[in-house]
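Here are some notes for a colleague who is opening this structure for the first time.

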Amino acid sequence: MQDLTEGVARFQREVFPAKAGLFTHLAANHTPHTLFIGCSDARVVPELITQGEPGELFVIRTAGNLVPAYTPGANGVTASIEYAVSVLGVSDIVICGHSACGAMTALAEDQDLTGAPTVAEWLRHADAAVARTAGMAAGPEKVGALVRQNVYAQLTNLTTHPSVARALAEKKVTLHGWVFDIPTGRVEALDLTGTGAALAA
Ligand SMILES: [Zn+2]
C-alpha cells in the first residue's frame with residue numbers, strides 16, 4: 001500500500017490544486033459524454049489512453065471487456081449500462097479490446113481454467129468470437145483476431161440491452177469498437193460497417 005498512499009499524497013499536493021475548479025464543478029455535475037467499456041487489465045487505462053479529464057468517461061471494466069447479452073434481472077454490468085445510457089444520457093459508447101489480453105489468450109490457446117471456474121464460465125460470453133476464429137491455428141495471430149472479433153461480439157451483445165436498443169432507435173447514441181495496442185500505444189478504430197452493431201444503429 002506504500003505506493004498508493006504516496007500517490008494519494010502526491011495527487012493532493014501536486015495535481016488537485018490545478019484542477020480544483022474542475023472538481024468544484026464536478027461536485028454538483030455528472031455529465032459524462034461517453035460510456036467506455038474496457039478490460040480490467042491494469043495496462044489499459046481509459047483516461048490515459050483518451051486523455052480524458054475527470055467527469056468525461058463513465059467506465060465499466062470487466063475481464064476481457066465482456067458485456068453479457070441482456071437477461072432480465074439485475075447485475076452490475078447491466079445496471080451500469082442502463083444508468084449511463086438512460087439516466088446520464090451518454091452520446092457515445094466505446095468497447096475497447098487490447099493486445100495481449102489474458103482472457104482472449106486463454107480462449108485462443110484453449111487454456112485449462114479448471115482452477116478458475118468462474119473465469120471459465122464468464123468467458124463463455126465470448127463464445128461467438130471464439131466460433132468465428134475456430135479455424136485458425138493457435139498463435140499470436142489468432143489472439144489478435146479473437147481480440148477484434150470479441151469487440152464485435154460484445155458490441156452485438158450490448159445492443160440487446162433495452163436501454164441501448166432504445167437509444168439506438170432514437171439515434172441518441174453511437175457505438176464504437178476500439179483495440180488498444182500496448183507496445184505502441186496505438187488505438188485502432190474498428191470498422192463497424194456490416195456488423196450487427198452498425199445495423200442496429
Ligand atoms: Zn484484457
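1. Buried area is the accessible area (1.4 Å probe) that two parts lose on being put together, summed over both. Between domain 1 and domain 2 this area is about 540 Å², with carbon and sulfur atoms giving 63% of it.

2. This is a predicted model, in which local features need pLDDT of at least 70 and side-chain atom pairs count only at pLDDT 80 or more, while totals for chains, interfaces and linings use all residues. Residues are numbered from 1 along each chain as its sequence is written, and side-chain values use heavy atoms, with hydrogens and water left out.

3. The domain assignment gives domain 1 (1-30) and domain 2 (31-198), with bounds that come from an automatic or database assignment. Their centres, taken over C-alpha atoms, are separated by 29 Å. Six residues of domain 1 and seven residues of domain 2 make the contact (heavy atoms within 4.5 Å).

4. Helix α4 (residues 76-87) and helix α9 (residues 162-169) pack at an angle of about 30°, and their axes are 8 Å apart; helices here are DSSP runs (H or I, at least four residues), numbered from the N terminus. Axes are lines fitted to C-alpha atoms over the stretch in contact, and angles run from 0 to 180 degrees between N-to-C directions. The two helices, α4 and α9, are therefore roughly parallel to each other (angles under 35 degrees).

5. On the α4 side the contact is made by Ile81, Glu82, Val85 and Ser86, and on the α9 side by Ser163, Val164, Arg166 and Ala167.

Notes. Angles under 35 degrees count as roughly parallel, over 145 as roughly antiparallel, 65 to 115 as roughly perpendicular and the rest as oblique.
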